[in-house]
Amino acid sequence: MKNDPVLEVDQLQTYFYLRDNKVAKAVDGISFSILPGETVAIVGESGSGKSITALSIMKLINKPGRIVEGKILLDGEEIHRLSPKQMTKIRGNDIAMIFQEPMTSLNPVYTIGNQIVEIIRKHQNKSKNEAMERAIQLLKTVGIPRAEEIMKEYPHQLSGGMRQRVMIAMAISCDPKLLIADEPTTALDVTIQAQILDLMVEMKERFQMAVLLITHDIGIVSEYADHVLVMYGGQIVEQASAQVLLKDTKHPYTTGLLESLPNIDEDVDRLGTIKGTVPPAYDFPTGCRFSSRCPHVMEKCKLSNPELIEVDKDHFVRCYLYERKEGQ
Amino acid sequence: MDAANDALVKVKNVKKYFPIKGGILKRTIGHLKAVDDVSFSIMKGETLGIVGESGSGKSTLGRVMLRLLDPTEGSIYFNGTDISHLNRRKIRPHRRDMQIVFQDPFASLNSKMSVAELIEEPLIVQSSLTKAERKEQAIEIIEKVGLRAEDRLKYPHEFSGGQRQRISIARALVTRPKFVICDEPVSALDVSIQAQVLNLMKDLQDELGLTYLFIAHDLSVVKHISNRVAVMYLGRIVEIATKKSLYNNAYHPYTQALLTSIPVIDHGQNDIPRKTKIKLTGDLPSPSDPPSGCTFRTRCPMAHERCSLERPELIEKDAGHFVACHLYTE
């Protein structure tokens with residue numbers, strides 16, 4: 001049990017069928033797994049497919065989008081085969097998700113208490129009073145002072161940090177196996193961000209959850225993730241442990257991302273840049289999807305897309321600059 | 001800090017209070033002190049960064065400095081002239097020298113206007129150039145910000161976020177201002193695009209001799225672009241110093257907490273000891289009902305009795321390094 005992954009994603013492809021026969025390959029062949037108590041981060045710029053990956057795991061893809069291929073296994077169960085009705089039992093129960101902007105995920109016309117109690121009663125067989133008690137206990141767990149009073153308040157009466165704590169309380173209310181956090185702190189100030197991320201780590205350890213953390217902030221990845229997937233154009237371009245990825249960066253895109261960040265500990269006169277912008281998902285260049293922006297582009301990059309290969313133990317790169325590790 | 005005479009902008013004891021109305025008669029029942037007694041100056045060609053969390057008053061300060069909002073008290077000197085009480089007509093000639101770039105390039109550009117119309121609009125309002133001259137000046141600035149002259153016939157939706165921010169910058173710079181306020185100009189952009197825009201802003205500053213007030217919440221971005229940095233908390237400046245002094249030797253507990261809260265990338269190569277994190281508990285108090293004495297005391301790990309009684313003044317701790325904290329007043 002211990003080393004069985006909570007989540008396994010195998011060759012996931014989510015396409016969006018647009019007008020004029022355009023197909024946006026938002027997620028195109030992603031595979032990864034998360035162990036209990038492990039945090040896997042997906043980093044990438046907007047349009048890289050990181051949020052669509054999360055929504056695909058939750059099976060929240062609507063038309064014109066569709067999961068075309070791939071397996072999603074939660075604790076060994078093939079959830080990609082479940083009907084929408086069966087899936088509603090999984091969501092909120094086994095998989096919970098928190099989003100970037102807590103104000104849009106909380107209902108403004110119901111009290112905080114009302115919303116947490118609703119979730120608890122929907123998924124667990126509890127009386128109203130039991131659910132109320134559980135809700136107060138959850139709010140205390142996530143460090144909300146005056147929990148009894150907050151139960152009676154409305155979302156607009158709380159600050160952004162408090163609202164995100166409420167979201168986390170709701171997410172852990174049913175002891176999920178997997179927590180998906182999509183840019184959970186992007187809308188928050190740095191001092192509050194640190195509080196929320198620490199809270200997530202605490203909850204993860206306490207409940208042995210697997211966490212899928214989606215972020216664009218490489219600083220957060222460095223401090224909070226065990227494993228990292230760098231996404232570009234709907235595909236993983238580099239995959240390694242957080243430590244290895246930052247120390248021994250291989251893919252030119254990852255290097256570009258790191259160099260374009262202003263560093264608080266060092267002074268540089270000019271920041272490194274990646275030329276151009278992310279191409280739209282229906283119009284990737286042929287060959288390597290990063291070839292239109294890559295500083296090391298070669299002739300063969302424009303012809304075919306490299307495979308994701310293992311260049312070191314557990315370090316995968318999708319780039320022609322690197323060769324497969326010896327003996328493979 | 002205000003010793004030199006060649007300060008382009010000087011802010012003196014500026015306050016901006018917004019009335020809070022309540023009751024059936026909508027009488028003023030209190031004030032929200034968005035900016036509360038702030039003074040500093042910015043030298044010619046310098047970039048002053050302002051950091052602070054949301055609600056700290058940094059954007060309000062920027063708007064007051066441009067007289068987009070009227071100050072409740074205090075004076076703003078621009079190029080030696082007190083502009084804080086000029087009426088609409090008298091301030092107009094100064095407006096072309098002071099411009100602003102906003103955060104969200106999707107919201108700040110009118111989607112029904114072409115790039116040419118957007119960029120030439122400030123010239124129509126603020127100069128007496130002919131149509132041909134306006135076109136020429138617009139093309140010049142379009143090329144300077146890294147767009148092509150042909151782009152002037154396109155509309156904002158045809159551009160990506162980074163390119164739109166270039167249009168916003170061109171629009172601000174077309175009147176050839178001396179002073180530009182940049183209010184979170186890169187926080188809506190992806191990191192690789194953010195770097196392009198930051199580099200562009202630095203290049204333009206060198207080329208055109210601009211003076212910037214750079215407002216942001218991201219401390220590493222502010223550090224990259226600024227010469228001096230001011231830290232705001234609940235409408236007041238709690239620390240102001242040169243970039244080097246502030247980032248290497250922060251005195252105020254709030255600045256220290258801000259600096260250690262940023263997640264940093266551990267490249268694993270250097271042996272720089274990890275800074276011990278100073279964790280703040282709680283949220284920013286409401287600016288309509290700030291704590292007595294030092295407004296930071298409710299979250300400060302070092303707070304003592306005096307902090308609730310007396311408000312600390314900005315004192316010069318090191319040369320050019322000012323801090324408002326009772327820890328340093330004895």
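## The sheet of chain A

In this predicted model, chain A holds an open sheet of 8 strands in the order β6-β7-β8-β3-β9-β10-β12-β11, with mixed pairing. Two strands are taken to pair if DSSP finds at least two bridges between them. Helices (H or I, at least four residues) and strands (E, at least two) are DSSP runs, numbered from the N terminus. The edges are β6 (95–98) and β11 (309–312) of chain A; each has a single partner strand, so one side of each is left without a neighbour in the sheet. From one strand to the next, the twist averages 20 degrees.

Strand β7 (residues 178–182) and strand β8 (residues 210–215) of chain A are joined by 5 bridges and run in the parallel sense. In this pair, A:L178 has A:A210 of β8(A) as its bridge partner. Helix α7(A) packs on the sheet, where it touches β6 and β7 of chain A, and its direction makes about 170 degrees with that of β6(A). Such angles run from 0 to 180 degrees between N-to-C directions, and axes are lines fitted to C-alpha atoms, for helices over the stretch in contact.

The model is predicted, and local features need pLDDT of at least 70, side-chain atom pairs count only at pLDDT 80 or more, and totals for chains, interfaces and linings use all residues. Residues are numbered from 1 along each chain as its sequence is written, while chains are lettered from A and ligands numbered from 1 in the order in which they are written.

Strand β3 (residues 47–51) of chain B has 5 of its 5 residues buried. A residue is called buried if 20 or more other C-beta atoms, placed from the backbone, lie within 10 Å of its own, exposed if 12 or fewer, and partly exposed in between. B:T47, B:G49 and B:V51 lie on one side of β3(B), B:L48 and B:I50 on the other, and both faces are covered. In a regular strand the side chains alternate between the two faces of the sheet.

Strand β8 (residues 211–216) of chain B pairs with β3(B). With 6 of its 6 residues buried, β8(B) is largely enclosed by the rest of the structure. B:T211, B:L213 and B:I215 point one way from β8(B), whereas B:Y212, B:F214 and B:A216 point the other way. The pairs of chain B are listed below, each with bridge partners.

| Strand pair | Sense and bridges | Bridge partners |
|---|---|---|
| β3(B) and β9(B) | parallel, 4 bridges | B:L48 and B:R228 |
| β7(B) and β8(B) | parallel, 5 bridges | B:C182 and B:F214 |

Between β7 (residues 179–183) and β8 of chain B, the chain crosses through helix α6 (residues 191–208), and this β-α-β crossover is right-handed. That term applies if, with the strands pointing away from the viewer, the path from the first strand over the helix to the second runs clockwise.

## A helix pair in chain A

Helix α4 (residues 112–123) and helix α5 (residues 128–141) of chain A have axes that come within 9 Å and cross at roughly 115 degrees. The crossing of α4(A) and α5(A) is right-handed; a crossing is left-handed if the near helix is turned anticlockwise from the far one by less than a right angle, and right-handed if clockwise. On the α4(A) side, the residues that meet α5(A) are A:G113, A:I116, A:V117, A:I120 and A:R121. Their counterparts in α5(A) are A:K128, A:A131, A:M132, A:R134, A:A135 and A:L138. Residues are in contact if their C-beta atoms, placed from the backbone, lie within 7 Å. The contact of α4(A) with α5(A) divides into 7 nonpolar, 1 polar and 3 charged residues. Here Ala, Val, Leu, Ile, Met, Phe, Trp, Tyr, Cys and Pro count as nonpolar, Asp, Glu, Lys and Arg as charged, and the others, Gly among them, as polar.

## The contact between the chains

Chain A gives 35 residues to the contact and chain B gives 35 residues. On the side of chain A that touches chain B, the elements giving two or more residues are α7 (160–172), α8 (190–207), α9 (218–224), α10 (242–247) and α11 (252–259). That side of chain A has 13 nonpolar, 15 polar and 7 charged residues.

## Backbone details

The peptide bond from A:K63 to A:P64 is cis, with omega near 5 degrees. A:P64 sits in the loop between α1 (50–57) and β4 (65–74) of chain A. A:Q11, in strand β1 (residues 7–17) of chain A, has a positive phi near 50 degrees and is not a glycine. A:Q11 counts as exposed, with 11 C-beta neighbours inside 10 Å. In chain B, B:N13 of strand β1 (residues 7–22) has a positive phi of about 45 degrees, although B:N13 is not a glycine. B:N13 is exposed, with 12 other C-beta atoms within 10 Å.

Methods:
Two residues are in contact if their C-beta atoms, placed from the backbone, lie within 7 Å.
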